[in-house]
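Q: Please take a close look at one part of this model and describe how its elements are arranged. Give the cut-offs for any terms you use.

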Protein chains: 2
Amino acid sequence: MDCIVNRTHFFNARLADDMLADLTVADGHFSAIVPAGGTASPGAIDLAGQLVLPAFVEGHIHLDTSFYGDAWRPHIPCTDGFDVRERVAFQMRNLTLAAPMAERAKNQLELCVGHGSLAMRSHVMVDAAVGLKHVECILGVRERYRDLIDIQLVAFPQSGILSSPGTAELLDEALKLGCDLVGGLDPASFDRDVNGHLDVVFGLAEKCGAGVDIHLHDAGTLGLFEIEEIAARTKALGMAGKVAISHAYALGDISADALAKAGEMLAVAGVSIMTNAPGNHAFPPVAALRKAGVTVFAGSDNIRDSWWPYGDGDMLNRANMIGYRSGFYEDWELDTAYELVSNAGAKALGLEGYGIAVGAKADFVALEARHVPEAVVAVPKHRAVYRAGREVARGGEVRPIGLRPAVPAN
Amino acid sequence: MDCIVNRTHFFNARLADDMLADLTVADGHFSAIVPAGGTASPGAIDLAGQLVLPAFVEGHIHLDTSFYGDAWRPHIPCTDGFDVRERVAFQMRNLTLAAPMAERAKNQLELCVGHGSLAMRSHVMVDAAVGLKHVECILGVRERYRDLIDIQLVAFPQSGILSSPGTAELLDEALKLGCDLVGGLDPASFDRDVNGHLDVVFGLAEKCGAGVDIHLHDAGTLGLFEIEEIAARTKALGMAGKVAISHAYALGDISADALAKAGEMLAVAGVSIMTNAPGNHAFPPVAALRKAGVTVFAGSDNIRDSWWPYGDGDMLNRANMIGYRSGFYEDWELDTAYELVSNAGAKALGLEGYGIAVGAKADFVALEARHVPEAVVAVPKHRAVYRAGREVARGGEVRPIGLRPAVPAN
């Protein structure tokens with residue numbers, strides 16, 4: 001007797017290895033994947049030979065500070081060269097004028113889901129000025145969208161830790177409220193105290209059993225020094241696989257020898273590197289780091305916020321950008337660009353049951369492409385997105401689904 | 001009495017200056033543009049407040065060598081570092097396996113038109129091996145698609161001029177057959193004779209009254225030297241506005257002083273610069289060159305060919321890439337990125353009647369964006385494309401239209 005309630009059959013799915021397959025989903029997971037050719041059962045869904053990929057992984061986004069779907073906020077540069085503090089102040093002014101945070105976060109979430117991302121890591125600002133307001137709001141958004149997308153939250157000290165008194169305690173509180181990771185921000189250039197900053201970050205991570213994901217923009221040998229310190233602490237605490245460095249621009253402008261040494265250290269320590277392949281400055285060399293055994297993953301970073309106007313929430317387009325910026329032309333290189341937004345992302349985020357495999361979660365995307373390399377260069381926009389085997393978006397439009405009730409606003 | 005046969009009214013068009021306007025098209029040209037608000041006449045087309053922009057200008061493409069829409073041809077790198085001759089040989093092997101050229105060119109044209117480009121400049125290979133075969137084929141394609149898109153053709157010496165005996169005569173013949181411009185290719189690094197190469201190019205241009213568009217990849221001071229030579233010849237021959245340098249990578253890796261000098265020289269001579277904002281090496285600094293008065297325009301360059309797998313034929317996405325690669329965040333900078341694929345492209349190509357203005361050709365695109373900066377960062381894909389006031393594409397799909405008869409194959 002078959003007791004499973006929700007069983008869905010899909011036929012004619014083209015998998016990344018070029019196999020044409022029929023897929024069965026039971027209770028949200030793949031229960032069977034067999035070569036196509038059997039008789040389609042009544043009610044089965046025809047995937048028409050489209051390429052079926054596991055849903056993309058958005059590895060770095062800011063759900064609290066985007067203006068996507070809200071009024072247009074023209075970018076205004078800093079008065080005398082880029083300055084993070086001035087930018088944070090500009091952001092605070094912008095945010096006072098913006099639509100409610102939950103609404104803006106929803107806009108951004110639906111943009112991402114519509115493009116096929118069903119797992120993401122979002123940094124959420126914590127500092128002495130905003131306290132835990134952003135965290136509380138985005139925790140509510142996460143709960144409301146739990147059936148649609150898996151969200152990890154990083155308690156992000158946007159104004160530094162030592163520079164913004166009380167932030168260490170707020171980060172601690174944010175982790176207790178439900179954040180999964182503790183963040184950091186340029187320990188050297190921002191807080192001017194590498195050890196002081198990292199003591200708090202790793203201290204909280206150890207105390208709360210949380211992961212770590214640190215924003216590191218510091219360039220050259222200074223950035224490299226901080227990367228070494230982060231790797232050393234990760235190794236000492238046995239936190240392999242639970243620590244990431246976002247941006248890590250320094251890896252893009254050091255010598256090949258220094259890069260090789262850093263790559264080995266990161267691989268041994270189990271520290272992942274996140275890049276969005278920025279447009280106009282150096283970024284971590286993807287191929288060299290992967291060759292050294294480092295997990296490199298990708299994120300949109302900001303989308304229409306106070307830092308820049310770019311971003312589209314499309315991780316397949318991000319794979320395209322990573323390939324384009326890295327000079328990836330061969331098929332295996334295009335496969336690599338895709339890895340960053342899929343399997344490597346899943347690994348960096350520690351996702352369980354990721355992929356197109358029996359037993360894995362049936363979170364997938366179907367799109368018009370013959371194989372992964374073509375998907376990466378063509379970035380087909382007409383996609384169908386399935387969450388636990390159920391269609392949740394098509395052509396960028398997210399279907400109205402039964403959301404969990406909104407958490408009352410504070 | 002009104003003798004005009006084809007008159008179409010459009011209402012609720014949002015123009016780039018934010019004016020909501022009603023447009024009248026008579027015999028393919030805008031005959032009236034007035035503030036919205038009048039009563040819509042019967043049969044008038046509602047543009048629903050969408051942003052209306054003049055059709056994009058594709059300033060550099062290769063219609064003869066793309067495999068877009070054909071079988072996937074994996075990229076294979078050169079055996080010992082990049083080498084143009086080896087790449088040309090690889091391309092020749094690929095082309096023998098490919099679908100007929102006219103079919104591949106059609107695929108690419110429809111890709112471009114679907115995204116809103118209704119004017120383009122295509123380079124077409126001419127050398128001792130292929131002779132005029134490519135030119136003859138693409139001239140036929142141009143004729144067949146004349147009612148859909150305006151195409152300029154550059155007779156492009158893909159295997160050099162001095163290196164490939166007989167090419168000078170073939171270029172001459174290509175211009176007589178109908179090519180509009182004479183091309184060139186790295187006079188120094190390829191033909192090893194800057195003056196010899198440029199003597200042929202400018203000699204033919206002067207003799208035939210043709211324009212010039214030279215591929216120049218040579219870097220640093222060598223490339224700069226060639227740029228100076230091209231500018232000097234342009235000035236001496238009074239060819240201002242008729243000469244372009246494509247790629248001109250050298251402008252991206254010289255000192256600010258050298259760049260300022262080069263910019264002034266290019267502006268005075270009237271030489272335009274074409275860039276596609278390549279992903280992984282230096283390219284001409286768009287803002288600095290424009291500030292110096294240089295016309296900078298943009299093209300896709302190759303799309304799925306033997307040189308790389310990238311390219312999507314979407315000039316709005318190219319504007320996005322130019323902005324992203326240039327660090328353009330402010331509204332005026334995003335406007336600048338758009339300029340390269342519109343007005344500056346029209347200027348570089350010498351197009352007449354370009355723009356949304358009374359008397360201009362009614363070749364335009366309607367898309368969902370509040371203004372140009374938003375269009376550049378969001379790159380909305382659902383577009384309606386109008387040629388001479390008639391809808392020719394929507395959502396990327398080109399409507400079947402009455403094409404001119406195919407020229408019989410040789």
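**Sheet of chain B, then a helix of chain A**

A: Four bridges join strand 6 of chain B to strand 7 (residues 117-125) of chain B, in the parallel sense. The model is predicted: local features need pLDDT of at least 70 and side-chain atom pairs count only at pLDDT 80 or more, while totals for chains, interfaces and linings use all residues. Residues are numbered from 1 along each chain as its sequence is written, and chains are lettered from A and ligands numbered from 1 in the order written. Strands (E, at least two residues) and helices (H or I, at least four) are DSSP runs numbered from the N terminus; two strands pair if DSSP finds at least two bridges between them.

Within strand 7 of chain B, Ala119(B) is the bridge partner of Val57(B). The open sheet has eight strands in the order 6-7-8-9-10-11-12-13 (chain B), with parallel pairing. Strand 6 (56-61) and strand 13 (296-298) of chain B are at the edges with a single partner strand each, so one side of each lacks a neighbour in the sheet. From one strand to the next, the twist averages 25° (angles run from 0 to 180 degrees between N-to-C directions of axes, which are lines fitted to C-alpha atoms, for helices over the stretch in contact).

In chain A, helix 4 (residues 167-177) has Thr167(A), Leu170(A), Leu171(A), Ala174(A) and Leu175(A) buried (20 or more other C-beta atoms within 10 Å of the residue's own; exposed means 12 or fewer, partly exposed in between; C-beta atoms are placed from the backbone). Down the axis of helix 4 of chain A, the buried residues fall within an arc of 140°, so they line one face; the arc is that of the directions from the helix axis to the C-beta atoms. Glu169(A) and Lys176(A), on the other side of helix 4 of chain A, are exposed.
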